[in-house]
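Please look over the sequence and the model below before reading on.

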Amino acid sequence: EPTMVRHKTRWLLISFDFESDLEHRCSVSRANSQQKTKTVEKTAVFRELANNLTLLFGLRAHSIIPDVNVRHVDCQLAMIRVPRDVVGKVRTAVTYMTELNKRPVACSVLSVNGNSRTARLAAMREIRKREMKLDMSMKKLKKLD
């Protein structure tokens, strides 16, 4: 009799919206829109997440922190692997992240997935959606010129 395998981990797809990036999107100037976005490192995300877990949940968070694994970080997206039973606490800590590398940031959880494959697919969909928005805004800028 085949049994269903239940994964004991979940994958969170996180979005980073930096204040400087939001200013660039609102700006019509080409000089501002062509500035490079600084990269975000795994260690910075993990450190801020661990700080928030400790701040929000106290000593109990110390048992959660070793199980949280930041796997992939892009300049605007990250994939984080967490145990299934603490997903709610990690989502709360992500929402309370307000600074990365001393830069103001707003973080949000885009999706919670059961395995790495579906998390990668969700990330690819999000990247395509963001690229389409960027193309549309660039077309609007060209029309204004």
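## Model and overall fold

This is a predicted model, in which local features need pLDDT of at least 70 and side-chain atom pairs count only at pLDDT 80 or more, while totals for chains, interfaces and linings use all residues. Residues are numbered from 1 along each chain as its sequence is written, and side-chain values use heavy atoms, with hydrogens and water left out.

The protein has five helices and five strands, taken as DSSP runs numbered from the N terminus (helices are H or I with at least four residues, strands are E with at least two). Along the sequence their order is β-α-α-α-β-β-α-β-β-α. Of the 145 residues, 34% are buried, where buried means under 20% relative accessible area, exposed over 50%, and partly exposed in between (1.4 Å probe, protein chains only).

## Asparagine 113

Asparagine 113 lies in strand E5, which covers residues 103-113, and this asparagine counts as buried because its relative accessibility is 11%. The side chain of asparagine 113 makes a polar contact of 3.0 Å with that of serine 111; such a contact is a pair of N or O atoms within 3.5 Å, and within protein one must be able to donate a hydrogen and the other to accept it, with residues adjacent in sequence counting only if both atoms are side-chain atoms.

Lysine 139 belongs to helix H5 (residues 116-144) and is exposed, since its relative accessible area is 52%.

Tyrosine 96, for its part, sits in the loop between helix H4 (87-95) and strand E4 (99-100).
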